Amino acid sequence: MDKWQSADKIVTKEILTKKDFTDIPTERAVCQLKIDNINESDLKIDELTLKYPSDIIYGTNEKEWILGDACTELDRQIERAISTMFINEKSLITVRINSEKNATTDEIQNIKFELTLINFQPFKPIWQWTPEEKYEIALKYKERGIKIFQQTHYVDAFHKFSKACKILITLEPMIDLKLNENLKQDIENLRTLLYNNMAECHVHRKNYEHVITLCNKVLDRDVNNVKALYRRGIAYGNLQNYENSVEDLKMVLSLEPNNSLVKEKFNFYKQQSQIENKKYEEIVKRMFEF
């Protein structure tokens, strides 16, 4: 039996029915899929769908799927298997996965099912996409990411924003492309928005170092970007870097002096900074006492 496994060993594919070599689907290919024999292990189907959501394997067993539309961790992993399959290939797919709700634990579930790639309508590989196509697809991913974010699925939203951003990065350096100025500005604005959105996802996950990194990317492009300054200020504050936090929030207040939320945060971290400075002064004073 032919077998394929992803480098990180999360996804395994055991070919049950092997067909002649054909092209394999790439990003945005429209795939006709058939799903059979989902192995529920010790979980009932309703428990499985709740803990490990998927738009691919649940519901009707035959469906159309556009590669790249995955919005859950399970579907992102399944797409990795689909992108290795030939037309009419049937394989047993195993995905080793954590529930998002238990992402910090060692609780691993093996999701198994049989997958047949009945056919697919190809889409040209990404290196052949025009700048206009890259922008439109990245915009579509961004809009989908916002909907996922509003459902408080911050990890899944981050992946969608990140995917959109990676598409736009392939346009660098834009100076070599001789783009229409309006399109160029739209691409720049979207990329800035994506960095900001990814930073906000990390705020909710309390990954403050990543928040700072992403906000720096925004502020390199727009030094007065209020959202990036505020999020970076909050991240610095949570990392107890009160001096930088106060500096960022002070800048936000200079741009939005009537923002009551920012005033509250500014006053809090300013007070924390003063407390830290006083402690430091007392330590220094004791060091020089005789």
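Which residues have the most contacts inside the largest nonpolar core? Leu168, Ile187, Leu190 and Leu194 do, within a core of 45 residues.

## Basis of the model

This is a predicted model, in which local features need pLDDT of at least 70 and side-chain atom pairs count only at pLDDT 80 or more, while totals for chains, interfaces and linings use all residues. Residues are numbered from 1 along each chain as its sequence is written, and side-chain values use heavy atoms, with hydrogens and water left out.

## Nonpolar cores

A nonpolar core is here a set of buried Ala, Val, Leu, Ile, Met, Phe, Trp, Tyr and Cys residues joined through side-chain atoms within 4.5 Å. Buried denotes under 20% relative accessible area, exposed over 50%, and partly exposed the range in between (1.4 Å probe, protein chains only). In soluble globular proteins, nonpolar side chains tend to be buried together.

The largest core, of 45 residues, draws two or more residues from each of helix H3 (131–150), helix H4 (154–169), H5, helix H6 (208–221), H7, helix H8 (242–255) and helix H9 (260–287). Helices (H or I, at least four residues) and strands (E, at least two) are DSSP runs, numbered from the N terminus. The most is given by H5, with eight residues. Leaving aside neighbours within four places in sequence, Leu190 is in contact (heavy atoms within 4.5 Å) with Tyr135, Ala138, Leu139, Lys142 and Leu168. Another core lies apart from the largest one; its 26 residues include Ala29, Leu48, Ala70 and Met85.

## Strand pairing

Two strands count as paired if DSSP finds at least two bridges between them. Strand E6 (residues 109–121) runs antiparallel to strand E3 (residues 30–39), and eight bridges join them. Within this pairing, Leu33 has Leu117 of E6 as its bridge partner.

Strand E5 (residues 90–97) also pairs with E6 in the antiparallel sense, over eight bridges. Here Val95 stands opposite Ile111 in E6.

## Salt bridges

A salt bridge is a side-chain nitrogen of Lys or Arg within 4 Å of a carboxyl oxygen of Asp or Glu; by this rule there are 13. One of them joins Asp8 and Arg80, at 3.0 Å from N to O. This pair links distant parts of the chain, 72 residues apart: Asp8 is in the loop between strand E1 (3–5) and strand E2 (11–17), and Arg80 is in helix H2 (residues 73–82). Asp8 is partly exposed at 40% relative accessibility, and Arg80 is partly exposed at 29%.

Arg231 and Glu200 also meet in a salt bridge, at 2.8 Å from N to O. Arg231 belongs to helix H7 (residues 226–238) and Glu200 to helix H5 (residues 181–205), 31 residues apart. Arg231 is buried, at 13% relative accessibility. Through salt bridges that share partners, Glu73, Arg76 and Asp156 form one network. Within it, the closest N and O atoms of Glu73 and Arg76 are 2.9 Å apart. Because these two residues are three apart in helix H2, about one helical turn separates Glu73 from Arg76. Glu73 is partly exposed at 27% relative accessibility, whereas Arg76 is buried at 16%.

## The largest pocket

On a 1 Å grid over the protein atoms alone, a pocket is an open set of points where a 1.4 Å probe fits, with protein on both sides within 12 Å along at least five of seven lines; lining residues have an atom within 4 Å of a point. The largest pocket has a volume of about 450 Å³, the volume being the space filled by probe spheres set on the points.

Of its 20 lining residues, Glu27, Arg76, Glu79, Arg80 and Lys163 are the closest to the centre. H2 and H4 are the elements that give two or more residues to this lining, and H4 provides the largest share, seven residues.
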